[in-house]
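Here is a protein model to walk through from its overall layout down to single side chains. Keep the sequence and the 3D view side by side as you read.

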Amino acid sequence: MVSSAFRRVATSSVEDLPGGPRGYLVLVAVASGEPPSQLALAQQVSLDRTVMTYLLDDLETRQLITRRPDPRDRRARQVLITEEGRAQLERAQDRLSVAEARLLADLGEHDARQLRLLLTRVAQTAQREALAPEADC
């Protein structure tokens, strides 16, 4: 129930971005450090390379990202966020914060902070699991 409610408000908070939630994830990933290659970015956000290419095309058309040859490997393309991309990302994050605050309204500040911390840790584990090679069960 919580996941469904958050998915609904989160999706509506980022619906103006190309690709909606996927576009948001790409902008967050690109804004947070060294410019990744398209392939590394696809792996990081768990998207198929073909889907990633179309999404990047849409983000680039809206001037939210740019792509350039990777200076270390001219065959690869790095993805960089533009100033407009940062502005759009900031607005989306503001809308997400408002939506999150509505969902957590019945929690005190300490409990809300603790929940965010715990969910962040679970998300980090989930991301590591998604990137790890499949292990035999």
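Contact here means heavy atoms within 4.5 Å. What covers its buried residues includes H1, helix H2 (21-31) and E2. The model is predicted.

Now step back to the whole chain. The protein has 6 helices and 2 strands. From the N terminus on, the order is α-α-α-α-β-β-α-α. The C-alpha atoms fill a box of roughly 50 × 45 × 20 Å along the principal axes. Of the 137 residues, 32% count as buried. The accessible surface comes to about 9,400 Å², and 53% of it belongs to carbon and sulfur atoms. Take the contacts with a separation of 6 or more: residues 24 or more positions apart account for 51% of them.

Return to H5, which spans residues 83-103. At 1.5 Å a residue, its 21 residues should span 30 Å. The end C-alpha atoms are 30 Å apart, which agrees. Which residues of H5 are buried? They are Gly 85, Gln 88, Leu 89, Ala 92, Leu 96 and Ala 99. Seen down the axis of H5, these buried residues fall within an arc of 100 degrees, so they line one face of the helix. The spacing follows a general rule. An α-helix has 3.6 residues a turn, so residues three or four places apart point the same way. On the other side of H5, Glu 83 and Val 98 are exposed.

H1 can be read in the same manner. Helix H1 covers residues 2-13. Its 12 residues should span 16 Å at 1.5 Å a residue, and the end C-alpha atoms are 16 Å apart, which agrees. The buried residues of H1 are Ala 5, Val 9, Ala 10 and Ser 13. Viewed down the axis of H1, they fall within an arc of 120 degrees, so they line one face of the helix. Arg 7 and Arg 8 are exposed, on the face of H1 turned away from its buried side. What covers the buried residues of H1 includes H5.

Next come the strands. E1 (residues 65-70) and E2 (residues 73-81) run antiparallel, joined by 6 bridges. A hairpin connects E1 to E2 through 2 residues. Where in E2 does Arg 67 find its bridge partner? The partner is Val 79.

Arg 67 leads on to the charged pairs. Side chains of opposite charge can pair when their charged atoms come close. The structure holds 9 salt bridges. In one of them, the side chains of Asp 57 and Arg 67 meet at 2.5 Å, N to O. This pair links distant parts of the chain: Asp 57 is in helix H4 (residues 49-61), Arg 67 in strand E1, 10 residues apart. Glu 60 and Arg 67 also meet in a salt bridge, at 2.7 Å, N to O. Is Arg 67 buried or exposed? Arg 67 is buried, because its relative accessible area is 14% and buried means under 20%. Asp 57 is partly exposed, at 30%. Glu 60 is partly exposed too, at 29%.

A further salt bridge joins Glu 34 and Arg 72, with the closest N and O atoms 3.8 Å apart. Glu 34 lies in the loop between H2 and helix H3 (38-44), and Arg 72 in the loop between E1 and E2, so the pair ties together parts that are 38 residues apart in sequence. Both Glu 34 and Arg 72 are exposed. With Asp 70, they are linked in a network of salt bridges.

Note on methods: Residues are numbered from 1 along each chain as its sequence is written. This is a predicted model: local features need pLDDT of at least 70, side-chain atom pairs count only at pLDDT 80 or more; totals for chains, interfaces and linings use all residues. Side-chain values use heavy atoms; hydrogens and water are left out. Helices (H or I, at least four residues) and strands (E, at least two) are DSSP runs, numbered from the N terminus. The expected span of a helix is 1.5 Å times one less than its number of residues. Buried means under 20% relative accessible area, exposed over 50%, partly exposed in between (1.4 Å probe, protein chains only). The arc is that of the directions from the helix axis to the C-beta atoms. Two strands pair if DSSP finds at least two bridges between them. Accessible areas come from the Shrake-Rupley method with a 1.4 Å probe; for residues, only the protein chains shown count as cover. A salt bridge is a side-chain nitrogen of Lys or Arg within 4 Å of a carboxyl oxygen of Asp or Glu.
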